Amino acid sequence: MLLDKITTDVNKKRLTIEKLQRSKLPLVIYGAGSYASYLMKFLDRYGIGIDAACVDAEYIDKGLFLNERLHVTTIEDICKKYDNFNVLIGFSDYRKAQMKLSNIQSIAEIFFIDTTDKLDFLDYQYIVDNLENFEFTYNLLGDQLSKDTFIAFINAKISGQPDDLYELMDEKPYFTDILSFDLNEVFVDCGAYDGDTILEFVKRTNGDYDKIYAFEPDEKNYKALTQTIIQNGINHVQLYQMGCWHSKVTLRFSSSANMNSHISDMGETTVEVEAIDNIVDQERVTFIKMDIQGSELTALHGAESTIKKSKPKLAICIYHKPEDMITIPQYIYSIMPDYKFFLRNHQFISKETVLYAIPTSGENKK
């Protein structure tokens with residue numbers, strides 16, 4: 001029974017926060033990338049301050065700041081400054097960091113917080129309340145790695161401990177070995193960011209594709225995307241500074257100039273959104289990727305005709321909302337029941353979890 005595989009552990013995230021709130025020792029972030037920045041914002045909500053930030057000496061840059069007040073130094077400098085301090089790991093490969101830090105005597109305790117977006121994502125009771133739906137997704141998955149990833153992801157969210165998920169990581173986001181690419185591919189990239197996925201698509205197809213549709217609503221990201229296309233001489237691309245939705249409308253938008261920009265009623269600006277069906281207009285599509293911060297299900301509704309007609313390969317992120325692991329697979333299955341479904345996690349943490357839906361008949365080929 002599925003429920004037997006689900007943990008009832010107390011959420012370690014909450015315990016870590018409570019411990020850090022009580023501690024009198026200096027708190028140092030080890031890492032200076034985007035994860036460290038998100039971690040600081042997360043801790044700020046709970047009144048936890050950071051005293052210093054550091055990286056290994058080979059990564060140091062004299063002008064590197066984590067925010068306006070925290071200059072990033074080396075871990076060696078931190079040991080000279082503090083006789084005893086706590087360390088919070090600020091990047092996703094936390095095991096690598098733990099091995100490095102475990103040999104430093106000045107460190108009292110080493111902490112890591114999995115996915116710094118929310119304190120609690122889902123709990124055991126949520127699984128109990130929706131057990132039949134979670135069992136539907138579990139039974140839909142086409143291989144053991146998918147099933148193991150499904151369980152590990154849920155348990156990581158409940159417990160705040162992603163150790164099992166760490167072991168299952170697939171290092172090839174959106175281009176995992178379960179996908180194959182042919183000549184004349186037509187790619188729809190929803191959440192194109194700065195063009196990183198497009199570059200990989202061009203590489204995987206050796207440039208032998210028919211067309212790319214790229215959607216990116218964030219203004220700064222869109223400028224970076226445009227530069228990527230120009231600088232790399234990528235052809236047969238249509239760029240859209242808009243989001244993907246079920247219809248054409250203007251929505252509030254929270255712009256962060258990174259991968260976390262998203263549709264939000266509290267957004268400081270507005271964006272145009274449109275349905276994929278309206279853009280491709282009955283044209284053939286072979287591959288759709290979506291990483292749009294929780295708007296995936298709505299965008300899939302706007303691509304229903306395209307999916308039914310073309311049966312494209314789908315790579316859909318399902319880690320933004322607790323219900324995504326239920327509603328997204330069920331919806332795709334309801335409109336295209338002959339897809340084969342797989343699940344892969346592409347980070348060391350409970351993030352970048354992608355549902356792959358692959359046509360069994362090969363009807364997306366030209």
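**Close-up views: loops and helices**

**View 1. Tyr174 sits in the loop between α8 (163-167) and β6 (185-190).** Helices (H or I, at least four residues) and strands (E, at least two) are DSSP runs, numbered from the N terminus. This is a predicted model: local features need pLDDT of at least 70, side-chain atom pairs count only at pLDDT 80 or more, and totals for chains, interfaces and linings use all residues. Residues are numbered from 1 along each chain as its sequence is written, and side-chain values use heavy atoms, with hydrogens and water left out. Tyr174 is not a glycine, yet its phi is positive, about 70 degrees. Is Tyr174 buried or exposed? Its relative accessibility is 6%, so it counts as buried. Buried means under 20% relative accessible area, exposed over 50%, and partly exposed in between (1.4 Å probe, protein chains only).

**View 2. Asp281 belongs to the loop between α11 (276-280) and β13 (287-290).** Its phi is also positive, near 50 degrees, in a residue other than glycine. Asp281 is exposed, with a relative accessible area of 52%.

**View 3. Gly195 is part of the loop between β6 and α9 (196-204).** The residue is buried, at 0% relative accessible area. Leaving aside residues up to four places away in sequence, Gly195 touches Leu225 and Thr228. Contact here means heavy atoms within 4.5 Å. Ile229 is 34 residues from Gly195 along the chain, and their C-alpha atoms are separated by 7.2 Å.

**View 4. Helix α1 (residues 12-22) has Lys13, Thr16, Ile17 and Leu20 buried.** Seen down the axis of α1, these residues fall within an arc of 100 degrees, so they line one face of the helix. The arc is that of the directions from the helix axis to the C-beta atoms. Which elements do the buried residues of α1 pack against? They meet β1 (27-30), α2 (34-44), β4 (85-89), β5 (107-111) and α7 (144-159). Asn11 caps the N-terminal end of α1, with a side-chain oxygen 2.8 Å from the backbone nitrogen of Lys13. A polar contact is a pair of N or O atoms within 3.5 Å; within protein, one must be able to donate a hydrogen and the other to accept it, and residues adjacent in sequence count only if both atoms are side-chain atoms.

**View 5. Tyr35, Ala36, Tyr38, Leu39, Met40, Phe42 and Leu43 are the buried residues of α2.** Their cover includes α1, β1 and β4.

**View 6. Ser159 is found in helix α7.** It is buried, with a relative accessible area of 4%. Its side chain reaches the backbone oxygen of Asn155 at 2.7 Å. Not counting residues up to four places away in sequence, Ser159 touches Thr7, Asp9, Val10, Asn11, Lys12 and Lys13.

**View 7. Helix α6 (residues 131-140) packs with α7 at an angle of about 145 degrees, their axes 9 Å apart.** Axes are lines fitted to C-alpha atoms, for helices over the stretch in contact, and angles run from 0 to 180 degrees between N-to-C directions. The crossing of α6 and α7 is right-handed. Phe134, Thr137, Tyr138 and Asn139 of α6 make the contact with Lys147, Phe150, Ile151 and Ile154 of α7. These residues divide into 5 nonpolar, 2 polar and 1 charged. Ala, Val, Leu, Ile, Met, Phe, Trp, Tyr, Cys and Pro count as nonpolar, Asp, Glu, Lys and Arg as charged, and the others, Gly among them, as polar. A crossing is left-handed if the near helix is turned anticlockwise from the far one by less than a right angle, and right-handed if clockwise.
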